[in-house]
Amino acid sequence: MLKTIVNAWKIKDIRTKILYTLLLILLYRVGCYIPIPGVNVEGVASSLEQYVAIGGFMNMFTGGAFSNYALFAMGISPYITGSIIMQLLAIAIPALERLSKQEDGKQKIEKITRYVGVGLAAVQSVSIILALGSSAVYNTSWLTYVTIGVTATAGVALLMWMGEKITEKGIGNGISFIIFASIAANVIPAIANIANTVSTGSISWVAVPIIIFVVILLLVGIVYVDKAERRIPVNYAKRVKGRKQYGGASTHIPLKANANGVMPLIFAMTILNVPTMIIELAGEGWFATFWKKTFATGKPGYYILYALLIIGFAYFYSTISFNPVEISKNIKENGGTILGIRPGWDTANYLKKIVSRLTLFGAIFLALVAILPSLVFSFFDIGDLQAISMFGPTSILILISVAMETNTQLETQMMARHYKALL
């Protein structure tokens, strides 16, 4: 990966894209420290001590901007939530499903998703600042809350624009890169936090090699599975059109072992944190008592529900991202066949069966990655889990996935530039 970056830096066009991406990421990090008018940062920090779930979840995706309630306090999470909502609606509403299959339908749905994300940001920013209480603001007038809502919503809109510009003119997927930057910004503070908790005795010295071993094991496992793929061989018959001969070659369809990446894990974690956030904001009640007894972090019900959500979202995401009927149709139209499988519906069913198995494998892998580290830390009685949350499976999986995706894009752009020069 380091060699790829060095080689890419030598090419002027790609170097410009890298610098453009880094500039926007730098602006994002600066925005994480620009205060919103009317917000009492010290009051927000003291109020967040009561809302551990909200603070921990939001800070992970905002690089600490939420604890300061800065310009980018909402991060990119409203857009991700809006994307989940639109994908669910595209399945439930036939009109949206038809729109998504049109030539310019994806652009229209993306535009609607932006509006949904902005709307969610407005509601979320005002709701959270109201829930944090009067100590979170200098003035409790309606104008103060409107100003906070408008500013925080503008921050989300600006982040969406940055993400699109990185995708368009920079390197990698813009939204993923922003999430990557948010999590990476917490690495040094997390290491300092672990050192501090070890020195104070909250975490034993014995826990340090265990944490290192679990992190290395996660790194190796994630990279290995991310690179793994199932190759479906496809043979193309020879065809003669005029004086030219086509086909007569063999190729393959590469199906990744974990084609869904980190998305099922992010979706499951988002959904699982919603009830906890509601309980923290609404206060105690029968639902809070039931949830804490059954699905609180560390309870068996929590791990079972987490695993089921990951598997469910993995199949959902696989359904909307892979169309075996369309692929089967393309293979048939180009005179291709899979060895031992009839063209048409048999090929589509075969591909569907293979993808279903790979999805199950990928989902189980994600579930194990999400759950096993917490079980290991609990087994060895590592006390302060909040201190090591930065090195949890979700954070590591996102960091590795985005880094490998960006590395692949750099290699692709260098290769494309090489062939362009030859042509």
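The model is a predicted one, so to speak of local features a pLDDT of at least 70 is needed, side-chain atom pairs count only at pLDDT 80 or more, and totals for chains, interfaces and linings use all residues. Residues are numbered from 1 along each chain as its sequence is written, and side-chain values use heavy atoms, with hydrogens and water left out.

Now for the overall build. The protein chain has 18 helices and five strands; these are DSSP runs numbered from the N terminus, with helices being H or I over at least four residues and strands being E over at least two. Of the 423 residues, 44% are buried, where buried means under 20% relative accessible area, exposed means over 50%, and partly exposed is in between (1.4 Å probe, protein chains only). Take the contacts (heavy atoms within 4.5 Å) with a separation of 6 or more: 74% of them involve residues 24 or more positions apart.

Ser125 gives a look at the inside. This residue sits in helix α8 (residues 105–131), and it counts as buried because its relative accessibility is 0%. Its side chain reaches the backbone oxygen of Ala121 at 2.8 Å. Leaving out residues up to four places away in sequence, Ser125 touches Tyr69, Met74, Gly149, Ala152 and Thr153. Met269, in helix α13 (residues 263–282), is buried too, at 10% relative accessible area.

The strands come next, with two strands said to pair if DSSP finds at least two bridges between them. Strand β1 (residues 229–236) pairs with strand β4 (residues 250–256) in the antiparallel sense, over seven bridges, and here Pro233 stands opposite His252. β1 also pairs in the antiparallel sense with strand β5 (residues 336–338), over three bridges; Val234 has Ile338 as its bridge partner there.

What about charged side chains? Those of opposite charge can pair when their charged atoms come close. A salt bridge here is a side-chain nitrogen of Lys or Arg within 4 Å of a carboxyl oxygen of Asp or Glu, and the count comes to four. One of them joins Glu164 and Arg114 at 2.3 Å, N to O. Glu164 lies in helix α9 (residues 142–169) and Arg114 in helix α8, so this pair ties together parts 50 residues apart in sequence. Another joins Lys256 and Asp226 at 3.8 Å, N to O. This one links strand β4 to helix α12 (residues 207–227), across 30 residues. Lys256 is partly exposed at 35%, whereas Asp226 is buried at 18%.

Finally, the surface carries a nonpolar patch formed by Leu23, Leu26, Leu27, Val30 and Ile34, with about 440 Å² of accessible area together. Patches are made of residues with over 30% relative accessible area and no salt bridge, joining like charges within 9 Å and nonpolar side chains (Val, Leu, Ile, Met, Phe, Trp, Tyr) within 5 Å. Leu27 belongs to helix α2 (residues 12–31) and is partly exposed, at 43% relative accessible area.

Technical notes
A polar contact is a pair of N or O atoms within 3.5 Å; within protein, one must be able to donate a hydrogen and the other to accept it, and residues adjacent in sequence count only if both atoms are side-chain atoms. Accessible areas come from the Shrake-Rupley method with a 1.4 Å probe; for residues, only the protein chains shown count as cover.
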